[in-house]
Amino acid sequence: MQGYLWFAAKRFVQLLAVIFFGVSAMFVVTYLSPIDPVEQVLGRLSARSNLSPEAIAATRLALTEMFGTDQPVLTQYVNFWSRLLRGDLGASLMAFPTPAMELVLRALPWTLGLLLTSTAITFVVGNLAGGLAGYFQNSRLLKAFGIVTMGLQPIPYYIVAFIILIVFGYLWPVLPISGGFAMDVRPGWTLPFILSVLQHSLLPALSLVLVGLGGWFIGMRALVSNIVTEDYVTYAELAGVRRDTIVGDYVIRNALVPQVTALAMVIGGVFSGTVITEQVFNYPGMGSLLVDAVNAGDYSTVLAVCTISIAAVALAIFIVDLLHPLLDPRVRAE
Amino acid sequence: MGDNILEVEALKAYYQMSYFGVNREVRAVDGITMKVKRREVYGIAGESSSGKTSFIKVLAAAIRPPLRVVSGSATYDFGGPPTDVTVATPAEIDAIRWRHLSYIMQGSMSTLNPVRRIGRIFEDFAARPLGLSGSAFRQRVVEHLGHLKLSPTVLNAYPHELSGGMRQRVTIGLATVCKPDFIIADEPTTALDVVVQKDVLSLIKNLQTEMGASIVFVTHDMSVHANIADRIGIIYAGRLVEEAPTRTLFTAPKHPYSAHLVASLPRIGDTTQRPALEGRPPSLAAPPAGCRFHPRCPLAIDKCKTEVPPLVAVGTDHRSACWRANDVEPLVPGHSRAGVAA
């Protein structure tokens, strides 16, 4: 147990390092970007009202002081971290003066809910079906399942998403194709709202699951068809060990070790993948926010989205890392 | 069946495969007849791809496509109604597995599930046949581990935390904890170094004497056979070519192939060069006609090329399948004088 805590502590330090370097890189990128936040805000303000040149100059001075862009880089960098640690990433430029963090925190639950649920469903269903298909190689049902998922796998995601839109929005309009919830329900922890959210998430989730299943299915089936020839499986079969124990605890359990590692990597890619999903289904998550912010040149919101994404991905990988030794006792010997 | 616990009658088991419409047949077991007595250690020897593994697959009731039993039978008598594993239903096989018929696997890294504690593996394998659970089961296992000189703490260990010798003792423990009547041991010492080999061999021998079980012991290593087997059957190209009590086989083999196998054993102080056998074992997909050994046999005559020699008695308890059985001489004089090498 002490070994495990030591392992967890080391991984935690790694987590902090990943977040630190990732966020620092983000700072450098935005610092090098040609967009000057002061001019950006000024442009917005002066477009709506008739300001005198003196007023513009005064506002520019005030904004420069507020953003701190006249300071040396190092000071800016230190200020950036000290504000970040207090949860402040500055005002959003496109929704000035709403804090960028507030925009992100509003979008985050949508993305997390959609992605975690669909990734979990994909992982469980794909691996279970793949594992069974690898063990019961003559099952017609599993063969058919394999053909369908592997047929979907190579189709580009946006095409699958559009086909789903056409089928469920036009040919057989039974499910909402856009938005996070219906216009006529008030957000809150009420049953109509929760049902509406679930209903609206069905199609985006379905598109993610359909495209994601194939990879897990193929991977798991290949792993399992290797493992069934291992001595310990043959031996358990010779000993008349119960069939469900063999499939679950001997075959799938062993194949799960590399699959969980793969899960960590998939979670890493999940945040970028959501951009297309949210655009196609007009879903109010981080992907949509990021696209809007980039289009509007809103660098503090971009920074906020990226910071949260970096932290979330690093955290997800950290959790998977902590699970790994529990799955494979050989890792603990490290 | 009386004295015999296993009777194999004219057993033929072939691998039948079909590649792109072309049928291929590998005659891995081609007409083996043998009997194993109660409380006997029966050694099976033969080189790689001689069909010995396929033969014990049938004995262990692990007959899976593409391996098929074409004809013949392999019948166990465990006191109740005899079970012919070539025709038994899965339920009938399940009823004898581990309770009566168990198996020791080749010693290797992967005989035990790497992500399961030894205690759980014991539960998986033995709880149902023993009809015990909980602390009664654990007590029985711990008691049995004592016989194997293993401490109860191994039950909490994972396989990778044990040494190779300990793992093999665990495997033997798994195979013997239910006190089966018949144990099939497939190269149980092959992957171990000689010191551990000796340990494992004496352990198997002791358990066998204690429990009164019969063992079919498979290995290509003749020195291991010399140590443990009561009788030895030599398999060549899917057929039993000679069968004799261990001492007889080592001192007076009656088949040229067995004579070469026995002669291959090194002896301390003996520096004479061993006669090597030319050629390779025949392909079981297209075995030669007549005696399958004739292309490599120094004693071959024309009859050997066309007629299959039957396995007939050449002495008490001694059978050989050779047209010139009476002309076979031991190749290394030392063996005939000093007897068994061990």
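1. The model is predicted: local features need pLDDT of at least 70, side-chain atom pairs count only at pLDDT 80 or more, and totals for chains, interfaces and linings use all residues. Residues are numbered from 1 along each chain as its sequence is written, with chains lettered from A and ligands numbered from 1 in the order in which they are written.

2. The model has an ipTM of 0.84 and a pTM of 0.79. A contact here means C-beta atoms, placed from the backbone, within 7 Å.

3. Chain B is assigned domain 1 (4-46 + 58-229) and domain 2 (237-269 + 291-338); such bounds come from an automatic or database domain assignment. The domain centres, taken over C-alpha atoms, are 28 Å apart.

4. Between these domains of chain B, 14 residues of domain 1 contact eleven residues of domain 2. On the domain 1 side, β2 (22-37) and α7 (222-228) of chain B each give two or more residues, and β2(B) gives the most, with eight. Strands are DSSP runs of E, at least two residues, and helices runs of H or I, at least four, numbered from the N terminus.

5. Val257(A) lies in helix α10 (residues 243-280) of chain A. Not counting residues up to four places away in sequence, Val257(A) touches Leu327(A) and Asp328(A).

Notes. Two residues are in contact if their C-beta atoms, placed from the backbone, lie within 7 Å.
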